[in-house]
Amino acid sequence: MIGYIVRRLLSISVTFVVVSILVFVMMHAIPGGPFDATEMPVSEAVRAKIMAQYGLDQPLYMQYLKYMWGVLHFDFGVPFQSPGETVIELLSRAWIPSLVLGGAGVLIGAPLGIILGLCAALNRNSWIDYLASALATLGLTIPVFVISMLLILVFAVWLGWLPASGWGSPESWILPIIAYAAIPLATYARYTRSAMLDTLNKPFVTVLRAKGLSERDVIFKHVLRNSAIPMVTVFLPMFIGTATGSIFVEAMFRVPGLGAYFVSSIESRDYPLEMALVLIITLMFCVAYFLADIAYALLNPRIRLGGK
Amino acid sequence: MPLVEIENLSVSFSSPDGQVQAVRDVSLTLEHGQSLGIVGESGSGKSVSLMALLRLLPTQSATVRATKLRLDGVDMLTCPKNELAGVRGKVASLIFQDPMASFDPLFKIADQLTETVLAHFDVSKSEAEQRVLSMLNRVEMPDPNRVMSSYPHQLSGGMLQRAMIAMALICEPKILIADEPTTALDVTVQAQILQLIGDLQQETGMGLIMITHDLGVVAETVNDIVVMYGGKVMEQTTVFDLFEAPRHPYAQALLASIPGQVAGKRKLREIPGQAPNPLAPPAGCPFHFRCEKADAKCVEQMPVLQRFGPNHATACLKVMS
Amino acid sequence: MNNALELRGLNKSFYKKQGGLGLFGSNLVEHRAVDDVSIKIPERKIVGLVGESGSGKSTVGLMAMRLLEPSDGAIILNGTDITKLSSDELKPHRAQMQIIFQDSYSSLNPMMTLWEIVAEPFVIHKMHDTKTRRAKANELLEIVGLGGMFANRYPHELSGGQRQRVSIAHALALKPKVLIADEPTSALDVSVKAQVINLLHDLSDEMGLSILFISHELSVVRSLVDEIVVMHRGRIVEHAETEQIFQNAQHPYTQSLLDSIPVLNPKLRKRRSFRSQEDIAAEIPKLPLAQFTSQSNPKMAQIAHGHLVEAIPMEGASS
């Protein structure tokens, strides 16, 4: 088990480094730079001074190593578009609306989705199964900005109950969170249902019933635990994915979150900010996959104890 | 009162392609302490009949009809759900083909066996574990203490099937239903498991139903036989009569097609054609289009099970005349 | 007699990690899945390779096809050593030898009709035009008993036995000399099993096919093959003509396999005693060194013409 953890840690660290190199190289490979003549009409001498100030005149690998050395000390540099603060300061300010929106969306959508999926699987071919399948299909096929527009139209424009956009008061949070919760609700419901049905169709479930276990024990002691294995491995990374991926919803409801900075950092070639965002999201995914691997191993004796 | 009474049992499944008629009008009985083999190929309805008896078929897709479906006097058709759990495992136990798939991979063998005891008896956990250990010894499990603390993936197929038999018998059921219990095992282990099942039946006096496609298995283990084909009973007799004087053309052909009965490389007697389509079973005898003896009557008319003597019944128009 | 296929001293080792962190590969343990296996398949003959799960019999079949690289040993197909050929050099030889498996369903492309499946080898080897391909495919389907309307059907419309016939037709397309059949009848129902066994019979008799028939079913092997090779834990323990094995088996493992065949007569039911692994090891025959096929590396002793048994060499022991 310790060997397994060490191996997973190593492979995740390698992933992290490879992603950081790839992103760094790709970022610089795109034609154009932050201080091009079109962006900043200044003399060549001044441009060279600015480039030197930000270290952009050095070879790429030096820039990378320097940046990563800083990252190791939690120094992500200074954003080009807002030089008055560090990247960390900017992110900690913009992070909050995104975190509230993404977190609340997942915390509402995921449990509801899991419950819906469970009910659907346990009452196969009943009305609740059909309802769950319909909701899941709608949630997955209708783009989130269409859902957002519908919500704005109904609750803000027609009924006038809630504000259409902004992030000032708590009532302005409600619509974006509902819109965003639709995605995890649909995916979690779908995945839970299929993981449960997968387990329910296994021969050992028939054996459990045949030996006289009550249906409650069959489901709660055995089926749920077996279904949990594929569920945690998918849900943990998915959780991070949804908690960070609210760009569209933020744009629709004009939430001043990370999404806006992410887009503008790419547009304006704000290397330090762009890199910091990618690294943080990658790190979160890496941690999520690592936790998922550990959970998988803890739940599965075949991994925990090694094979025959 | 017989241990098992099945009368006019029919089972169909709804599928995207229509109704699959898996079992058609099957009747059979088993007295206490007796052994019965149900022989048939895949799709003959042999497993489905017994799953229907224990009400283990999925309620959403399976339709079960019967004039009588009794297990040790309990009417399984009307038995309420919460009482069914008390019958399963206590009155009748099942073992299946693939021992690896029969255990929950996440629990130790000890947990899965004690759980069975605790489901039926009001005893302490340590008392239940004691029973498990002595049962494992009874099925001649090598190193039972190690087996108890093992997970399924740590044991061989043969050991798991022994553990499965122990789990099936731990609540001293009145009948053991074994559904292809040796098909997934290695040849040398197969013979050991069959002998073990036979021994345990003798010792405990329980009834035994052996569901199999393998005539060799029934020749070794049971006294009575039901031959099924296309969801119907073709022949019902003692194992001795079946091997000595099979009456139904299907039973005859089946016995003749077994490879390796005589010395020398030779071609086998084959049964031409394929099993009938369960979505649209033929109107007449299900075997008619593979049968050498069939004529126009067999195509139209469904033969009924006809008695010949006290221990032999056959469903064939050609045998009657 | 010429050998269509000869396997000479095949070995296959797998390495398993044992204990520790397993990071540095220092504690790898060798596991010999196949240990010094030599088999000759004479032209037009069927050789049965018999053993239980884990005996290494399927690994031998895969190595013969070069689907798995042997750790050591040689594969000689129609007199040509194909052990070290590159995949380009191997291609013309590949047509000479084909393999079929137990699970025929997963090896048939569900999107293709039967004639397309059977004609696929022609496409791969760029042979014939479409019309000829189709005609030849129909001919092959006819041979395996799936003539007429079957050509345009899809695999999911077939029963297990019919699918196995399609994979046999597919394997026959390039007129191979050798067929490796890995448990082709084990998943089939009793009433169709005989059909497939008889088909293999005819192919060997009428088309001159040489077959390596890998199986755990001794009763099937008895009616089909000319010689039997018994494998146990990666090694050959006995090799003789079929009836010689059935009537005069010398190795304790072969005997325990034979003892476990069910007796098809309920009147002859009897209690059996079973050999443990220790019993088998203790009962391996001890024979004088002169009887061994190789005096320098004694493993197999010849006890009669063409009857080889794994034995322990004894100085001065009487046979």
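User: How many residues of chain B and of chain A take part in the contact?

Analyst: This is a predicted model, in which local features need pLDDT of at least 70 and side-chain atom pairs count only at pLDDT 80 or more, while totals for chains, interfaces and linings use all residues. Residues are numbered from 1 along each chain as its sequence is written, chains are lettered from A and ligands numbered from 1 in the order in which they are written, and side-chain values use heavy atoms, with hydrogens and water left out. Contact means heavy atoms within 4.5 Å. By that rule the contact takes 28 residues from chain B and 26 residues from chain A.

User: What area is buried between chain B and chain A, and which residues of chain B lose the most?

Analyst: Buried area is the accessible area (1.4 Å probe) that two parts lose on being put together, summed over both. Between chain B and chain A this is about 2300 Å², with carbon and sulfur atoms giving 62%. On the side of chain B, 30% of the buried area comes from the three residues that lose the most to chain A, namely L106(B), E115(B) and H153(B).

User: Which residue of chain A meets the side chain of E115(B) in a salt bridge?

Analyst: A salt bridge is a side-chain nitrogen of Lys or Arg within 4 Å of a carboxyl oxygen of Asp or Glu. Two salt bridges are found across the interface of chain B and chain A. In one of them, with 2.7 Å from N to O, the partner of E115(B) is K221(A).

User: How many residue pairs are in polar contact across the interface of chain C and chain B?

Analyst: The contact between these chains involves 41 residues of chain C and 43 residues of chain B, and the buried area is about 3800 Å², 51% of it from carbon and sulfur atoms. V190(C), L264(C) and R269(C) together supply 18% of what chain C buries against chain B, more than any other three residues. A polar contact is a pair of N or O atoms within 3.5 Å; within protein, one must be able to donate a hydrogen and the other to accept it, and residues adjacent in sequence count only if both atoms are side-chain atoms. With both residues at pLDDT 80 or more, the number of such pairs is 26.

User: Which residue of chain C forms a salt bridge with E244(B)?

Analyst: Five salt bridges are found across the interface of chain C and chain B. In the one formed by E244(B), the closest N and O atoms are 2.4 Å apart, and the partner is K267(C).

User: How many salt bridges are counted between domain 1 of chain A and domain 2 of chain A?

Analyst: An automatic or database domain assignment divides chain A into domain 1 (1–84 + 268–308) and domain 2 (95–256). Twelve residues of domain 1 of chain A are in contact with ten residues of domain 2 of chain A, and the two domains bury about 1100 Å² between them, 89% of it on carbon and sulfur atoms. M284(A), F285(A) and L299(A) lose the most area on the domain 1 side, together 42% of what that side buries. The count of salt bridges between the domains is zero.
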